[in-house]
Amino acid sequence: MADYGSLIPVNVVTGFLGSGKTTLLQRLLRAPDLKETAVLVNEFGEVGLDHHLLEEVAESTLLLDNGCLCCAIRGDLKESLRTLLSRRERGEVPYFKRVVIETSGLADPVPIAYTVLAEPVIQHHYRLGAVITTSDAAQGPEQLDRHGEALKQAAAADHLVITKTDIAAPEKLAALRARLAQVNPSAECHSAQTDDLDPMALLDHDPFQADGKEAERQRWTALATADPQPEHEHSAGVTSFVMTFDAPMDWTAFGVWLTMLLNHHGEKVLRVKGLVHVDGLTAPVLINGVQHVIHPPIHLGRWPDDDRRSRLIFIVQGLEEARIRRSLETFNLL
């Protein structure tokens, strides 16, 4: 298998219906440094890229006016990724070094992550990049209340981008920001209208490189110094809570516990992310799980602050915190 850092990153742009995914993607792809990008869109989704098309390269493949490829997903995702790579190697499409998948508005991004991380052939060539979720400032709170898909999209995000802030009432925007912070406190939150979005930071950020690790460390520093969020009950039985562990953890026992948790209850674990103080290591390990999917662990260069306790953030649906605590006690991790 190729070195992890040399694999092609697959980024996911998701968000509920009408939340501005395509508009955001068009904006990001205007960056000159992102020309070597292949875009995969669900043929049933909101493509909205027609007026940017220059020429047809082949069936289901289009060349955008910024030099990026745009392909419709006509079969399953793994076949589309395999075909795209084969065509690049044969010189049938321009060279690309990253992939962006734009989901439909009702998509759960987790199966995409699972395909990239777990499908044997795919994982030899691709790796999972960032999940970017758009949320409509005018409709977002109601969508999170009413639609499980919107909650899953927000919970899976590494970056949350709030759109339509220019037309939303201030109280609506404030409510959405607070809600997103409760749903996914570890994600970076941006405003599409007022923030100077860095396309490279969103689509080319690599937590496995030194600068990416430092960004993750800074993010956890911000989390540690922020006002603590109380346990919060969201719609559809979704709950978020934080657990801390005083003693360093046995890495083998923790790995077995996390694998079993996601294997048996993955559909209920929308997100688990945290810093783990591993027995014998001087710096923390960042772990990240989404439903049944576990990202490769990231060894950070140093702790974000003086607190050396392990900290895990859980976003769960229909799974009690007490049950998770009992399972941790069974593995002597509490």
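This note sets out points on the fold, the nonpolar cores and selected residues of the structure above.

1. Basis. The structure is a predicted model, in which local features need pLDDT of at least 70 and side-chain atom pairs count only at pLDDT 80 or more, while totals for chains, interfaces and linings use all residues. Residues are numbered from 1 along each chain as its sequence is written, and side-chain values rest on heavy atoms, with hydrogens and water left out.

2. Overall composition. The protein has 10 helices and 16 strands; helices (H or I, at least four residues) and strands (E, at least two) are DSSP runs numbered from the N terminus. Of the 334 residues, 51% are buried, where buried means under 20% relative accessible area, exposed over 50% and partly exposed in between (1.4 Å probe, protein chains only). Among contacts (heavy atoms within 4.5 Å) between residues at least 6 apart in sequence, 76% join residues at least 24 apart.

3. Helix H2. This helix covers residues 77–89, and its end C-alpha atoms lie 19 Å apart, in agreement with the 18 Å that 13 residues should span at 1.5 Å a residue; the expected span is 1.5 Å times one less than the number of residues. Leu-77, Ser-80, Leu-81, Leu-84, Leu-85 and Arg-87 of H2 are buried. Viewed down the axis of H2, the buried residues fall within an arc of 165°, so they line one face of the helix; the arc is that of the directions from the helix axis to the C-beta atoms. After H2 comes Gly-91, with a positive phi near 75°.

4. Strand E6. Five of the five residues in E6 (residues 98–102) are buried. Arg-98, Val-100 and Glu-102 point one way from the strand, whereas Val-99 and Ile-101 point the other way. E6 pairs with strand E1 (residues 8–15) in the parallel sense over four bridges, the criterion for pairing being at least two DSSP bridges between the strands. Within E1 and E6, Val-12 stands opposite Ile-101.

5. Nonpolar cores. A nonpolar core is a set of buried Ala, Val, Leu, Ile, Met, Phe, Trp, Tyr and Cys residues joined through side-chain atoms within 4.5 Å. The largest has 25 residues, and those with the most contacts inside it include Leu-40, Leu-84, Phe-96 and Ile-101. Two or more residues each come from E1, strand E2 (37–42), H2, E6, helix H3 (110–118) and strand E7 (126–136). H3 gives the most, with five residues. Leu-81 touches Leu-40, Val-99, Val-116, Ile-122 and Tyr-126, not counting residues up to four places away in sequence. A second, separate core of 23 residues includes Met-243, Val-269, Val-285 and Leu-328.

6. Aromatic residues. The structure holds three aromatic pairs. Rings of Phe, Tyr and Trp (its six-membered ring) pair if their centres lie within 6.5 Å; planes under 30 degrees apart count as stacked, over 60 as edge-to-face and the rest as tilted. Phe-254 and Trp-257 form a tilted pair, 5.7 Å centre to centre with 40° between the planes. These two residues are three apart in helix H9 (residues 251–265) and thus separated by about one helical turn. Both Phe-254 and Trp-257 are buried, and together with Trp-251 they form one aromatic cluster.

7. Pro-248. This residue lies in the loop between strand E11 (238–245) and H9. Pro-248 counts as partly exposed because its relative accessibility is 39%. Leaving aside neighbours within four places in sequence, Pro-248 is in contact with His-277, Val-278 and Asp-279. The C-alpha atoms of Pro-248 and Arg-308 are separated by 8.5 Å, although the two residues are 60 residues apart along the chain.
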